[in-house]
Each structure stands twice: as structure tokens, then as C-alpha cells.
Amino acid sequence: MTCNKGHPLAKTDLSQLIKENTGYLSGYSCDICQSSQKGASYHCPLCYYDLCGECFNTYEQVQPSLHSVKNASISCPGKHGLTIFYTPQQGYGCDICSKRFPANTTLYGCRTCNYDLCGDCYHGSSASADKPPPQPAFKPPPQQPYASKQAAAASSDPFQDFLSGKNRKPIVYTTTNMTTGAQGMIVDVHSGSLDIFRRGDRVQHKKTQKAGTMRMVSAGRHLVHWDNNTDTWEDKKDLQRAGSAANVNDGWNMANIENLKKKYETDVKDEKQNESVKAAYHAAYNQSKQLYDSCWSVALSDAQFDALNERAAQIANLKTIQKKPQQPIKDPVAIYKQAKETLPHLMAALQAIATASGGSLKKAPLKKIERSVEKVVGNYDHDWSKLTDIARASLIYESLSKMLVALEAIRKDEQTFTILRIKNRFDKSVNSAYRDCSMLVWLNKVGNKHVCEVQLHLKAYIDKKGAGGHMAYKGARSFDVQ
């Protein structure tokens with residue numbers, strides 16, 4: 001039995017439907033008899049098409065189930081039989097005619113043998129050379145080409161297992177080629193982070209305010225099924241979570257925070273246990289370390305390398321230094337309000353430092369609530385006072401010589417800054433792919449003792465960061481595989 005677009009239906013418990021889309025909390029309406037239902041559905045996750053048991057059993061006798069369609073005259077090498085499926089990504093090919101197909105194309109395959117046939121070869125018709133392959137209902141945006149199915153099948157690399165479809169979970173995962181920065185997509189594996197959309201999430205377009213449901217997630221481009229029954233690919237930056245709680249005060253309200261905490265417990269925790277994804281991110285992180293090797297060479301050759309490290313060590317021994325600086329309050333909404341009030345003062349103070357030291361100031365937005373919840377729940381045992389980088393900004397320098405001038409200027413300006421902690425990743429004893437020097441500070445003239453973060457970057461690292469290094473770092477950070 002299929003939906004009205006030909007996708008197979010699968011019996012799905014209501015609890016799983018709710019996990020896929022919270023719109024099912026009140027149940028669903030059967031798409032044939034329109035009756036309201038509270039139990040299991042015969043469900044299409046692509047179209048959100050649902051049938052009650054009575055209608056499924058009635059119409060199953062009329063419409064053959066796609067799952068049971070088999071051609072007795074053709075099979076895989078292991079004689080397991082072939083089952084119809086929809087390609088989850090571009091790059092799947094026919095093992096007879098060798099044609100390659102885009103995502104959402106109907107193929108017939110055996111996952112045990114990793115063997116697939118197109119419709120023409122499965123049904124025994126000869127494929128014409130000028131006949132185009134069948135087009136999918138929804139064509140994903142162009143993606144980086146993937147390794148061949150044969151090469152993936154011969155590999156024991158868990159990352160290649162994702163590409164070949166051997167080890168895929170029903171979540172979404174993106175990867176970046178660390179050499180070129182090109183982004184690729186592996187449909188249906190999550191990245192262990194709250195700061196992404198998941199299939200089934202309710203979303204809203206920031207400009208038009210129209211609402212819809214996330215259908216597919218890729219690297220930066222997302223397929224949304226809008227409530228007016230249209231489907232479009234959208235940039236992530238143009239979307240926000242639907243619902244009043246997600247958008248009030250940039251999501252920094254207790255209703256949204258509690259929702260995100262529950263989402264972390266139900267979704268992200270499980271994702272973080274996926275050993276194959278962890279292995280893939282670990283491999284990407286190692287690639288990023290290679291990417292940053294040239295930057296480390298630049299730092300080591302700087303005439304002021306030793307002087308910078310000596311000054312950082314002296315600052316680490318100041319009387320104001322605290323082992324674990326904390327915010328003066330524990331309420332997350334109040335902490336965010338403090339951060340919002342403090343950030344303009346931080347920017348003004350650092351602009352003066354940048355001008356005097358020959359650097360450039362880069363304003364960072366206030367930390368997103370999704371990443372904040374991840375840190376507080378996952379790392380800080382629900383203690384919001386330990387979150388000390390909501391308000392932050394960066395100073396970027398061409399050389400360590402100029403960075404040293406800035407470091408000294410901040411240390412001397414005791415009327416403006418109280419330095420609470422310094423973390424110097426330019427120290428040779430620190431094992432790190434990305435290197436910078438960061439400080440936690442109070443702004444004395446503000447007086448609220450809100451802890452802010454000041455980051456000092458070498459431009460060579462910033463350039464590589466933009467070429468793909470940061471995505472690998474974020475994944476490695478989420479899965480704790482650095």
C-alpha cells in the first residue's frame with residue numbers, strides 16, 4: 001500500500017509519530033475516511049500521509065504493497081530477492097546498466113549484497129541510451145560526488161559505511177571535505193546537536209512568516225513542506241523554529257529552554273552514542289588538524305612567539321585570576337538579559353584595543369539558546385552560572401607581534417577590564433588543532449560582573465576556519481572526539 005505519491009506506507013506507533021513531528025500529539029486524521037485517530041498509523045514520512053487500520057486493510061486488497069513487489073526472474077547475487085526503495089541521496093546506481101540516479105528515485109535493491117537495479121533493468125526492458133533516468137518527486141540541491149558503491153562496499157571505514165548505506169540511522173548528518181571546504185550530505189543521520197533542524201520539525205520562514213514541516217535536511221539547504229501544500233528548498237539562515245516559545249526573546253525563555261532540554265534528552269543523547277558517527281567526526285577532526293598545520297608553522301616562525309607565551313603565563317598568575325569563573329546569577333533568562341546589556345560595552349572597549357594594536361574587531365552574536373542548553377545540560381550539570389561566553393567578541397591579527405600588543409593593552413587597562421581567566425592555545429604544551437588566545441573578563445565600568453569572552457585570533461587560522469575547519473571542530477566537540 002502506498003501514499004498518493006507512490007511512497008510505501010509503514011505501520012508506525014503514535015509515540016514514533018510524535019517523535020517525528022509534535023503535530024501528532026493530538027493524533028491524526030485518516031487521509032481516506034477523515035476519521036480522527038489516536039493509535040498507530042500506516043504512515044508515509046515523506047508526505048505525512050496517514051491511513052487508519054480499517055482503510056489500510058480495505059485498500060491493501062486493491063492496491064499491491066510496494067514492499068512485496070518482486071520479480072521472480074531477477075535477483076541479487078545472493079538470491080535474497082530485491083525490494084523496492086527510494087534512494088536517500090544522489091549517487092546510487094544500477095548494477096546492470098551502470099546509470100546513476102538522483103535522490104528519491106525508485107530502485108530495487110538488496111542491502112545484504114549492496115546490489116541495486118533501476119526500473120528498466122528490473123522489469124527486463126532494454127534501457128535506451130538517450131532515455132533520461134526517472135526523476136524524483138523532490139530533487140535535492142547539487143552535492144559533492146560520493147565514493148562509488150563498489151569502493152564503499154570494499155571499505156571497512158565507518159564513514160564509507162554511511163556513504164554506501166550499510167550503516168544508516170533515521171537522522172541527518174552533514175560532512176565537510178576538509179581540503180576543499182566543499183559540503184556534502186548523508187541523508188538521515190543527525191550531528192548530535194540541538195542547533196540543527198530535524199526531519200519533522202515545525203519551522204517558520206523569517207521573512208514571509210509562512211509555516212511548514214521540515215522534510216529533508218542537507219548541508220545548509222533544507223526541503224520544507226509548507227502548510228499550503230508546496231515544497232521548496234530553503235537556506236537554513238532563512239528559517240526559524242515555529243511556535244511562540246521558540247521565538248520570544250530569541251528563544252531565551254523558560255518554556256523554550258524546557259522544550260530544548262527535553263529534546264536534548266530524547267534526541268541528542270542517543271545520537272552522541274552513535275559510534276560510527278563519532279568515528280566519522282574523529283576522522284574529519286584529524287583532517288582539520290592537517291589543514292591547520294600550515295597555520296601553526298606561521299605562528300612558530302613569528303619573532304614574538306616566545307614573548308606572547310611569556311606574557312600569557314604572567315597574566316595567568318594575576319591575583320584576579322579565578323580557577324572557574326562563574327556568572328553572578330543562575331537564572332538563564334536574567335543571564336541573557338545581562339549579556340545583551342553588556343555586549344555593546346564590550347564591543348566599544350575592544351574597538352579601542354583593535355585600533356591601537358592594528359587588529360580588526362569581529363562581533364560575534366550572542367550565543368544561541370540551542371548551543372547554550374547543550375553546554376549547560378551536557379557539560380555543566382544544569383548550572384547556568386557556568387555559562388561564561390554568551391557575550392563574546394574577537395580580535396583578529398596578521399601576526400603574533402600585533403596580538404601581543406593587544407594582550408598587553410588589555411592587561412594594563414585595569415579601569416576597563418578585570419581578567420578572570422586566560423586560555424593560551426599557542427602554548428606548545430597544548431594539544432589543539434585550532435589555536436588562539438582567549439580570556440574571560442569583567443567590564444569594570446558596567447558594574448554587573450557579567451563574565452564575557454575575548455578571543456585573540458591569528459588571521460591564518462581564521463582563513464582556514466572558513467575553508468571547512470570549523471565544521472569538523474563543531475562535530476568533534478559535540479561528540480567529544482577531539
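**View 1. Burial along helix α11 in the predicted model.** I369, E370, R371, S372, V373, E374, K375, V376 and V377 of α11 are buried. The helix spans residues 369–378 and is mostly covered, with nine of its ten residues buried.

**View 2. The K375–D389 salt bridge.** The closest N and O atoms of K375 and D389 are 3.2 Å apart. K375 sits in helix α11, whereas D389 sits in the loop between α11 and β19 (392–397). The pair links distant parts of the chain, 14 residues apart. Both partners, K375 and D389, are buried.

**View 3. The K263–D201 salt bridge.** Here the closest N and O atoms lie 3.5 Å apart. K263 belongs to helix α7 (residues 254–271) and D201 to the loop between β12 (183–186) and β13 (202–205), so the pair ties together parts 62 residues apart in sequence. K263 and D201 are both buried.

**View 4. A salt-bridge network.** D201 and K263 are linked with R241 and E370 in a network of salt bridges.

**View 5. The E408–R311 salt bridge.** The closest N and O atoms of E408 and R311 are 2.6 Å apart. E408 lies in helix α12 (residues 400–412) and R311 in helix α9 (residues 305–315), so this pair ties together parts 97 residues apart in sequence. E408 counts as buried because its relative accessibility is 15%, under the 20% cut-off. R311 is partly exposed, at 22% relative accessible area. The structure holds 15 salt bridges.

Methods
Residues are numbered from 1 along each chain as its sequence is written. This is a predicted model: local features need pLDDT of at least 70, side-chain atom pairs count only at pLDDT 80 or more; totals for chains, interfaces and linings use all residues. Side-chain values use heavy atoms; hydrogens and water are left out. Buried means under 20% relative accessible area, exposed over 50%, partly exposed in between (1.4 Å probe, protein chains only). Helices (H or I, at least four residues) and strands (E, at least two) are DSSP runs, numbered from the N terminus. A salt bridge is a side-chain nitrogen of Lys or Arg within 4 Å of a carboxyl oxygen of Asp or Glu.
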